[in-house]
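User: I would like to learn how to read a structure like this one. Please take me through some features, one at a time.

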Amino acid sequence: MTELTDQKQSALAAIKASPTLDALEEQRVAALGKKGWVSLALKTLGQMGPDERKEAAPAIQAVRGEVAEAIEAKKAKLEASALEAQLAAETIDLTLPAPEQPKGSIHPVSQVMDELAEIFADLGFSVATGPEIEDDWHNFTALNMDESHPARAMHDTFYFPDKASDGASMLLRTHTSPVQIRSMKEQGAPIRLIAPGRVYRSDSDATHTPMFHQVEGLVVDEDIHLGHLKWTLETFFKAFFEREDIVLRLRPSYFPFTEPSVEVDVGYSNEGDRRVVGGHGDDDGHDWMELGGSGMVNRRVLEFAGIDADKYQGFAFGLGIDRIAMLKYGMNDLRAFFDGDPRWLAHYGFSPFDQPTLSAGVGVRP
Amino acid sequence: MKFSITWLKDHLETEASLQEITDALNAIGLEVEGVEDPSESLAGFRVAHVLTAEKHPDADKLQVLSVDTGEGDPVQVVCGAPNARAGMKGVLGLPGAVVPSNGMELRKAAIRGVESTGMMCSARELDLGEDHDGIIELPDDASVGHSFADYQGSSPIIDVAITPNRPDCMGIYGIARDLAAAGLGTLKPVAIPSFDASGDCPVEVRTDDPEGCPAFYGRVIKGVTNGPSPDWLQQRLKSAGQKPISLLVDLTNYLMLAFGRPAHVYDLAKLQGSLCARKAETGEELLALNEKTYTLDDTMTAIADEAKVVGIGGIMGGEETGVQDDSTDVLLEIAFFDPATTGVTGRKLGLATDARTRFERGVDPEFLDEGLDLLTGLIVELAGGTASEAIRAGSPPSEAKIVAFDTGLTKRLGGVEVADDEQRAILEKLGFEVADDWQVTCPLRRNDIEGPADLVEEVVRIHGLDKVESVALPRVDGVARPTASPQQMLERKLRRAAAGSGLDEAITWSFLPEDVAEHFTATDDLWKLSNPISEDMKVMRPSLIPGLLLAAKRNADRGAGVTRVFELGRRYFKGKGDASDERATLGVVLAGEKTQRGWANGKATSFDAYDAKAAAITLLEAAGAPTARLMVMGEAGEQFHPGQSATLRLGPKNVLARFGMIHPATLKAFDMDGPVAAVELFLDAIPAKKASKGPVSFARPSFTPPALQEVTRDFAFLVPADLAAEDLLKTVRGSDKTNITAARVFDVFTGEGVPEGKKSIAIEVTLQPQEKSFKDKELKAIADTVVTAAEKVGAELRG
C-alpha cells in the first residue's frame, strides 16, 4: 500500500507540474491508461480473496478518484489559460470605425405636413388633395375672381398655352383653395378638411420661390362663425408650437373668396436673429407677424361649389407650410428647401421614426 | 399708399397720436406697411445761426464757421459750402446725429488741422431734395436752437396697403372717412375754392364708347400760368412719394392722391377740334407721357381729338398734348372709365399707372362734378385763369345697391354681438343710408358691397375684430376618428420606409428644363409653361429622376462623396380632354461612393444595379405591392443602361417600377460622372387593396407553422450563359409544388471548369415535409424531378 501511496504522491506532483495539455495527457495515460499504474493496481483486485479485496478495493478506488480529479482540475486550468492566451492573441483595435449604416431623413415639409394632419385629425379635419395643374375656373372663377378681377393679376400666375375641353385656361394653381371647390362639389356640406400641397407663383427672390407649399383649411356647417375660425387657428398653433402663450391678432383684410376676410398675425419676439412665436405682439420686445389669410367663405363660392348658401356657412384659411416650418424649426433660407443638399437634409431633416403623434407631441426636439 | 399725418389732418380733425392712428388703421383693415418719422431721422439736426465765417488756414475751399446752436457757447464748424457766410441761418448736425442720406454718424473731428463740431447740411444730405450746391438757407425768422424737424413741420409718413376691394380708400380722404368711422376724429367736408365760371366750354367733349367710358366731363381754363407748385403742395406730394413736376400736373396728382380721383389736363393749343372717348382702332399708336409708344386695339378705350389719339382711357395721357410749363389754355378731363375695360387694357399693354389702379378698382361715380370743381378751383386759385362752364358727356353709374340687412347676421357670421344702434352708427359714418327697416343703401363708391356679408364685415371691422371671442368647434364624442385616405397612408408609410432605408428625402422643382424633360419621356404631350420664370423651369416633369439627378450633380459639384436621395411627388401628363393627369411617384437616385475606401474593405465601392433593385423591392414591399408575384422584365427606358436595368411588373403590361444604372449618355447630358443608380416607383400602378366590407377587422389569420422541420438540398447546374437565373428558379419551384417551398441561388460561377458559353448556377432548394418526414427514396425522387425540370431550360446537373 505504501507503494501505491508513493506512486500517487509522485503522480499528483507530476500532474500539478504538467506545463501543457499534452504533458497532462501523458500523466493520465501513465496513471489511468490501460497499462497505467492505477489500472494495473485495479487488476490485482481480481486475484485477491474477498476479505483482502474488501480492504484493498476502497483504497485503490480512492487513489484512482484522487488522481482523476487532479487531472480534471489541472485540465480545466490548462484549458482556461490556453483560451486566455488565444483570446489575447485575437485582440482587435476597436477604435477603428465600424461599417456605417446610412441614415435617411424626412424632409421638413413632409414632417410638418404630417404634423398638420395629426393635429387637424384630432379636430375632425380630413386631408384632401387636388390637381396642381388646374383650370382657371377652379383656381379663380369659382373663388369669386372672374376674368377681370384685379386680384387675378396679383397672383403671378404660371399659365399653359393649353385650354381645357370647356375652353378654360390651364395654369399652375396659385393656392390650395381650388381644393375647397373640388371637395365641396364632391362631398357637399358639412365638411371639415385641410388640403396641403404644392402651389406656384411666378416670383423668385431671396424669400420667394416659384414653387412652395400651402395648407388650406375649410369648415362648412350650419352655425360656423369667425369665433370658430379664431379658435381653430389658436388651437392649431398652440398644438403646433406646443406653447400656450400663442396670441393671434385678426385684422380685416380682403380675399375675393371670403367675406368677411381676415388676416391672421401672431405675436413673436426676436431671440438673436431668430423669430420665436409666442406672447402678445404689442408687448415689449414683441411684434406681429403675418401668418396667413382667412375668412368666412363667400356665399358666391359656396354657390359655385353647389352648397346651399342659405343653410350652410363656414370659414377657410390658408397658411404657408414652408414658412411655419421655418418658424418652428429655425431654417432661414427657403431656397435651400428645394436644393436636395444632403448636408441640409441631414441637418434639418427628421428621423423616419419621428412620426408625429398626439401622445408624444407633434414637434421633434433637437 | 403713402401720406403724411399733416395731409391726413387736412381732412380729419383729430388729436390722436401717431401710434393711435397706425393702430386704428391696422384694426380697420388698412394695413400699415411702414411708418417714417422724420423727427427720428432728423434727430440731432437743429436750426443754427452762423456768427462768423473765416477762411480755413490750410484749405482754399473751406471756411471755419462760428455757429450759435441756441445753447451754450458757439461751436466751431468747418464747412466747404460756397454759400456759407456770416449772418445766415442754416441746419447744423451735431456730433451723434446720423446723416439721413448716407447713414453716417457725425463726430467731432479735425479737418485739415482745425477742429469741427458738427456739420452744416445741404438739402440732399437730409434727404430733402437734390440740392447739393450749398447748405440749406433758412429765413431770418427761423428760431435758433429749434429742432429742424419741428421747424420744418415735417410730419410722419404712413404707408398703408389698400386691398383691391377698397377703391374708396385710394385717396387720403377715404382713409380719413374710415378713421372717423372708427372713432378717431371728425371728417372735414371737402373744401372747394370758389371760382367764377363763365361761358360755355369752347371744346366739345363726347363719349362714343359708353361702355368703356360712360361719363366724360371737362372744362376749359384759359390764361393760366404754369410753374412750380407752392411748398404745401410739393410737401404733400413728396410725402406720398410723388415727384413735383409743375403746378398743373401736381394738382391733378393731388386730386388723385387726396380723393382717389384721377384727372387729366390737356394743353388746349395742341388739341384739334373736339375730344371724344371712343374705341381705339386696331393699330392706332400713342406716344404716352412715359415716352413709350403703345399700339392699341379695338377693345381699348382711347381719348382722341379730331386728328389723333391723345390718351389711353383711364391709364395714361399722350406726351404731345400734355401740359408744359408754358401752357396757358388747358382742358380738364374728369371721366369715368369702366373698371373691367381699364384692367384688360392695362394688362394687355403691360402698363401700370396710378390712374389705372384707381379706375380698374372703380372710382367714386358721385365725385365727378365735385372733383372737377375742386380741380378747377385749385387751378384758378394757384395758376390763375378764367374757367368756362363744365361740359358733360354721358353719365356715371348712378344706381345704388340696396341690401336688406339682418343685424343678427353680425353675430351669426361675425361671431360678435354688436348692438343695433352701433351697427347703424357704423354704417352711417361710412356713408351708408340705413332705413328704419334696415334696407341699407350703399354709397356708389363702395362697389365692393355685394350683400349682407359685406355689411357684417363693415360692422365687425369698425367695431373691432379683436372683440371676436374664440369659440370651440363642436367635436365628435370620444377619440377623434381616423381621417387618412388609403393613398395618404401609403405615401406616409412609403416615405418613412424610404428614409428608414438610408435615403434622404428631397423636394425638387416640379418643372424642368425642356431638353431634360424631353430626354426623360417618350411622349411629346408634356405640359409646357407659357410664361416660365426661366428656361430651366419650363416643363412639368414627366419623371422624378431628372430633378434628383440635378440635385446629385449639384452635390457632386460641391464635393459631396455620396448622394442617396428620394422624392415622393407627382409626374405630370396630359389626360383626357387636356385635363391634368398627375401620378404619384417615388424616385430614387444613388450617386457617388456607396462605401468610402476603408481599412476593412480597401477601395471605395460604387452603387450597382442590385442596389437599385433592392431599393425598388424594399419600397414596393412597403407600399403593399405583392412583391412575390413581380416579374423582372426589360424596357426600363432609354435613360437607363440597356444591359443593367429592368422593370418590375405585375403581368406583362402593368409596370410598377423601373430601376437600374443610368445610361452613360444620359450622365453625359447631365455632365455627371457615373456610375449612378436610379429607381422610379409608379404608385398609381400598385393595385389597391380591396376594402373589406362591414366593420373593420384587425385580426390576422391563425399562425400555423408546419409540424415537421424543413430540409434543404443543394444542386449545381451548368446552364447557357444567357439564361436568366429566375427562369431556372421558376422551373425548379414549379417542378414539385407540394414539397418545394423555396429555391434560391447561392452561387453563380464562370471560369475554370465551366465550358465556354455556359455558367454554373448553384441553388438551394427548401423542402417541406407534410405528414411524415421524407424518406431517402422520396428525397431521391424529388431531386430527380428537379433535375428533369431544369433540363427543360437547358440546365444540366454538374457531376
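**Reading strands, helices and a contact**

Analyst: Start with a pair of strands. In this predicted model, strand 28 (residues 504-505) of chain B runs parallel to strand 31 of chain B, and 2 bridges join them.

User: Which residue stands opposite B:Asp504 in strand 31 of chain B?

Analyst: The residue opposite B:Asp504 is B:Val565.

User: What holds strands of a sheet together in general?

Analyst: Strands of a sheet pair through backbone hydrogen bonds, and the sense is either parallel or antiparallel. Strand 31 of chain B also has an antiparallel pairing, with strand 32 (residues 580-595) of chain B, over 13 bridges. In that pairing, B:Val562 stands opposite B:Gly592.

User: How many residues lie between strand 31 and strand 32 of chain B in their hairpin?

Analyst: There are 5 residues between the two strands of the hairpin. Look at B:Gly577 in the turn: its phi is positive, about 60°.

User: How many residues of strand 31 of chain B are buried?

Analyst: Strand 31 (residues 562-574) of chain B has 10 of its 13 residues buried, so call the strand mostly covered.

User: Next, helices. At what angle do helix 5 and helix 11 of chain A pack?

Analyst: Helix 5 (residues 108-122) and helix 11 (residues 321-329) of chain A pack at about 95°, and their axes are 10 Å apart. Angles of 65 to 115 degrees count as roughly perpendicular, so helix 5 of chain A is roughly perpendicular to helix 11 of chain A.

User: Which residues meet in this contact of helix 5 with helix 11 of chain A?

Analyst: Helix 5 of chain A brings A:Pro108, A:Val109, A:Val112 and A:Met113. They meet A:Ile321, A:Asp322, A:Ile324, A:Ala325 and A:Tyr329 of helix 11 of chain A. By class, the contact has 8 nonpolar, no polar and 1 charged.

User: Which residues of helix 6 of chain B are buried?

Analyst: In helix 6 (residues 231-239) of chain B, B:Gln235, B:Arg236, B:Leu237 and B:Ser239 are buried. They pack against strand 1 (2-4), helix 1 (5-11), strand 11 (157-161) and helix 7 (247-259) of chain B. After helix 6 of chain B comes B:Gly241, with a positive phi near 85°.

User: Take a single residue. Is B:Ala304 buried or exposed?

Analyst: Count neighbours. A residue is buried if 20 or more other C-beta atoms lie within 10 Å of its own. B:Ala304 has 24 C-beta neighbours inside 10 Å, so B:Ala304 counts as buried. B:Ala304 sits in strand 19 (residues 301-304) of chain B. Beyond its neighbours within four places in sequence, B:Ala304 is in contact with B:Cys276, B:Arg278, B:Val309 and B:Val310.

User: Last, the chains. How many residues does the contact take from chain A and from chain B?

Analyst: Chain A gives 72 residues and chain B gives 78 residues. On the side of chain A that touches chain B, helix 9 (residues 226-241) of chain A supplies the largest share, 7 residues. That side of chain A has 37 nonpolar, 21 polar and 14 charged residues.

Terms used:
Residues are numbered from 1 along each chain as its sequence is written. Chains are lettered from A and ligands numbered from 1 in the order in which they are written. This is a predicted model: local features need pLDDT of at least 70, side-chain atom pairs count only at pLDDT 80 or more; totals for chains, interfaces and linings use all residues. Two residues are in contact if their C-beta atoms, placed from the backbone, lie within 7 Å. Helices (H or I, at least four residues) and strands (E, at least two) are DSSP runs, numbered from the N terminus. Ala, Val, Leu, Ile, Met, Phe, Trp, Tyr, Cys and Pro count as nonpolar, Asp, Glu, Lys and Arg as charged, and the others, Gly among them, as polar. A residue is buried if 20 or more other C-beta atoms lie within 10 Å of its own, exposed if 12 or fewer, and partly exposed in between; C-beta atoms are placed from the backbone. Two strands pair if DSSP finds at least two bridges between them. Axes are lines fitted to C-alpha atoms, for helices over the stretch in contact, and angles run from 0 to 180 degrees between N-to-C directions. Angles under 35 degrees count as roughly parallel, over 145 as roughly antiparallel, 65 to 115 as roughly perpendicular and the rest as oblique.
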